[in-house]
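Subject: Structure handover

Hi,

Here is the structure I promised to pass on.

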Amino acid sequence: MNDKKREDVELLSISSGEASQPFDWSVGKHGSYFLQQLRDNKKIVGIKCPGCQRVYVPPRPVCGHCFKGLTLDDIIPVSDEGTIYVCTIVQFGFVDPSTGIQRPVPYTWAFVKLDGADTCLTHFLDSTDAEKVKVGARVKAVFEEKRTGNLMDIKHFAVL
Ligand SMILES: [Zn+2]
């Protein structure tokens, strides 16, 4: 086969058909408390390990550093403002696994380290301006008006 014939190749596709695969999973007590605070109070909480003092957002039941069990009593508020730790401006569209719908491009996604936290929360940003969207830029959570107990109750983080 010569190259001319290869370039004329018929483009084929494979369909997933009409299959729908909705599913739910438990986020546990720690995750539920986190989501309830987003939904009911527009507050972001973390959990502070009494052993090593690390603050995790979202809260988790075990410290990943010292393996100490963490209870709901270890939950503390953190700021709704933070700093971009890692970010990308997505230019190539693909199906968003959380919705099954292709998100319009460009959009921006980042690891945000909230003030008072030692870990990052991943979320979308409101800007695709490469001059503003940079590691170290300050951001603030913007909440949805109607919240349902989901991470997307934070609409996005606004670049300040
Ligand atoms: Zn710890």
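Strands here are DSSP runs of E with at least two residues, helices are runs of H or I with at least four residues, and both are numbered from the N terminus. Two strands count as paired if DSSP finds at least two bridges between them.

Before the rest, two housekeeping points. Residues are numbered from 1 along each chain as its sequence is written. This is a predicted model, so local features need pLDDT of at least 70 and side-chain atom pairs count only at pLDDT 80 or more, while totals for chains, interfaces and linings use all residues.

**Overall picture**

The protein has 2 helices and 10 strands, and from the N terminus on the elements run α-α-β-β-β-β-β-β-β-β-β-β. The radius of gyration is 20 Å, well over the 15 Å that the globule rule gives for 160 residues, so the protein is more spread out than a compact globule. (That radius is taken over C-alpha atoms, and the rule is 2.2 Å times the number of residues to the power 0.38.) Along its principal axes the C-alpha trace spans about 70 × 40 × 35 Å.

Buried residues make up 21% of the 160. The classes go by how many other C-beta atoms, placed from the backbone, lie within 10 Å of a residue's own: 20 or more is buried, 12 or fewer is exposed, and in between is partly exposed. As for contacts (C-beta atoms, placed from the backbone, within 7 Å), take those between residues at least 6 apart in sequence: 51% of them join residues at least 24 apart.

Strand β1 (residues 44-48) is joined to β3 by 4 bridges, antiparallel, and Val45 has Pro77 in β3 as its bridge partner.

- β7 and β8 are joined by 5 bridges, with Ala110 opposite His123 in β8. Their hairpin has 6 residues between the strands, and Gly116 there takes a positive phi near 95°.
- β4 and β9 pair over 3 bridges, and Thr83 stands opposite Arg138 in β9.
- β9 and β10 share 5 bridges, with Phe143 opposite Ile154 in β10.

**The core**

A nonpolar core here means a set of buried Ala, Val, Leu, Ile, Met, Phe, Trp, Tyr and Cys residues joined through C-beta atoms within 7 Å. The largest one has 23 residues, of which Ile44, Val57, Val112, Leu114 and Leu125 touch the most other members. Two or more residues come from each of α2, β1, β3, β4 (81-90), β7 (107-114), β8, β9 and β10 (154-159). Leaving aside residues up to four places away in sequence, Val57 touches Ile44, Gly46, Val78, Leu114, Ala117, Thr119 and Leu121.

Another cis bond joins Val105 and Pro106, with omega about -5°; Pro106 is in the loop between β6 (101-102) and β7.

Which residues other than glycine have a positive phi? Lys42, near 50°, is one of them, and Phe67, near 65°, is another. Lys42 sits in the loop between α2 and β1 and is partly exposed because it has 15 C-beta neighbours inside 10 Å. Phe67, in the loop between β2 and β3, is exposed, with 10 other C-beta atoms within 10 Å.

Finally, Ser127, in the loop between β8 (121-125) and β9 (138-143). Ser127 is partly exposed, since 18 other C-beta atoms lie within 10 Å. Not counting residues up to four places away in sequence, Ser127 touches Thr108, Lys132, Val133 and Val159. Asp40 is 87 residues from Ser127 along the chain, and their C-alpha atoms are separated by 26 Å.

Cheers

Key:
Two residues are in contact if their C-beta atoms, placed from the backbone, lie within 7 Å.
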